[in-house]
Amino acid sequence: MSIKGKNILLLGSGGRESALARKLSQSELCGNLFIAPGNGGTGRYGTNVALSPLDFDALAAFVDENNIDLVVAGNEDPLVAGIYDYFATRGVPVLGPSKEGARLEGSKDFAKQFMMRHGIPTARYSSFTAGTAEEGCRFLESLKPPYVLKADGLAAGKGVLIIDNLDEAKEALRSMLSGMFGKSSATVVIEEFLSGIECSVFVLTDGNGGYRILPEAKDYKRIGEGDTGLNTGGMGAVSPVAFADAEFMRKVEERIIRPTVDGLRADNILYRGFIFFGLINVGGDPMVIEYNVRMGDPETEVVMPRVTGDLVQAALAAASGDLADVPMGVDPRAATTVMMVSGGYPGSYPKGFKITGLSSEPDDCIYFHAGTALTPEGDVVTSGGRVIAATALAPTVSEALAKSYAAVDAISFEGKYFRRDIGRDLLSLEK
């Protein structure tokens, strides 16, 4: 049976969804592409629809009315809330894990137990609740600084604290267990600190043991140059990552990817979608910092432009449980992205500033909208903290960065801020 003209509903509104929408729209197998709710730039790839990714009943009505063949969940919230299971009862494929599988991101304690059970290398840890807070303090005393404390549940990227002082770490533990992050920190995971360089690896899996490894990436979370200041959703990303050579990636696949895929099957956890492995290179050996159950942001903005092959074909195959014969490759060029953000981010910031310079993209550059909106007059304005990612492709990381920064310079809006050192730490490793 032909799979041409498949109608797709993509859920989300950020830069990640912009990159996914672009890749999906390039497929000859893509019929109508809808993005819910989308942003000021996703309309170039499909049709924005004013629906919340968490309003499952409204989504179901839209799916029925528009003959949707595949739902793609961009971010984690609908997955953790059980969108896969909701639509499974209606016979609509969803690219993403079941609610149980989404616990790999929705609960850090669940993820750590999974890793321990399946022999996947990760930091030593223990979990604590309000009733065991003093035991948590004693566990902190057994560790060397800095101390890593993580809210067990989703906390919008703000639930991880890294503290150098033991007494401050104990106080932070008590504050977290008392509701610093609401219900998300009712349980707190304390980990030993791992020293090394981080990177992200992505896999698309079909739930039956088949998977495809996508290009790796490194993102930059801190607001300030030199990795200083507050954490953000991500200020830029680079792919490939120089230290993630063939030997390192062999270890990643053998020690982490395969045990994860096999472990999900062994535990009877249905998982058909993307797995994000947050890794750290400790003396040449990869260890898992965290799992996410979707693609990363802003990593998707450098990963998707490097993926060769048909994403719609791969997504349909993964969602149906059979990736075996689907080809996916990697563009040998490097990709870099630099995020332009609103002044004041990640704190409070004003919105509604007109964005200029978007009318033409430089060669081999893509503007992925994140926090943008369209006015009734057709102007693109700022509507979020992270506004636009300037992605570029080139033979080397250094050349791609030069193009990304040139593209950033072509965009103007009041309060625009960006880091000027994205990828700089990797340039000395580039061959």
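The radius of gyration used here is taken over C-alpha atoms, and the rule for a globule is 2.2 Å times the number of residues to the power 0.38. For 431 residues a compact globule would come near 22 Å, and the chain, at 21 Å, agrees with that value. This is a predicted model, in which local features need pLDDT of at least 70 and side-chain atom pairs count only at pLDDT 80 or more, while totals for chains, interfaces and linings use all residues. Residues are numbered from 1 along each chain as its sequence is written, and side-chain values use heavy atoms, with hydrogens and water left out.

**The chain as a whole**

Along the principal axes, the C-alpha atoms fill a box of roughly 60 × 50 × 45 Å. The secondary structure consists of 13 helices and 24 strands. Helices (H or I, at least four residues) and strands (E, at least two) are DSSP runs, numbered from the N terminus.

Of the 431 residues, 57% are buried. Buried means under 20% relative accessible area, exposed means over 50%, and partly exposed lies in between (1.4 Å probe, protein chains only). The accessible surface of the chain is about 17,200 Å², and carbon and sulfur atoms account for 48% of it. These areas come from the Shrake-Rupley method with a 1.4 Å probe; for residues, only the protein chains shown count as cover.

A contact means heavy atoms within 4.5 Å. Among contacts between residues at least 6 apart in sequence, 68% join residues at least 24 apart.

**Aromatic pairs**

Rings of Phe, Tyr and Trp (its six-membered ring) pair if their centres lie within 6.5 Å; planes under 30 degrees apart count as stacked, over 60 as edge-to-face and the rest as tilted. By this rule there are 10 aromatic pairs. In one of them, the centres of the Y86 and F87 rings are 5.2 Å apart and the planes stand at 80°, so the pair is edge-to-face. Another edge-to-face pair is F243 with F248, at 5.7 Å between centres and 85° between planes. F56, Y86 and F87 form one aromatic cluster.

| Residue | Relative accessible area | Class |
|---|---|---|
| Y86 | 16% | buried |
| F87 | 1% | buried |
| F243 | 12% | buried |
| F248 | 3% | buried |

**Backbone details**

Most residues other than glycine have a negative phi, and most peptide bonds are trans. The bond from A36 to P37 is cis, with omega near 0°, and P37 lies in strand β2. P145 and P146 are also joined by a cis peptide bond, with omega about -5°; P146 is in the loop between α7 (133-141) and β7 (147-151).

N67 is not a glycine, yet has a positive phi of about 50°. N67 sits in the loop between α2 (56-65) and β4 (70-73) and is exposed, at 55% relative accessibility. D227, also not a glycine, has a positive phi of about 55°. D227 is in the loop between β13 (222-224) and β14 (228-231) and is partly exposed, at 41%.
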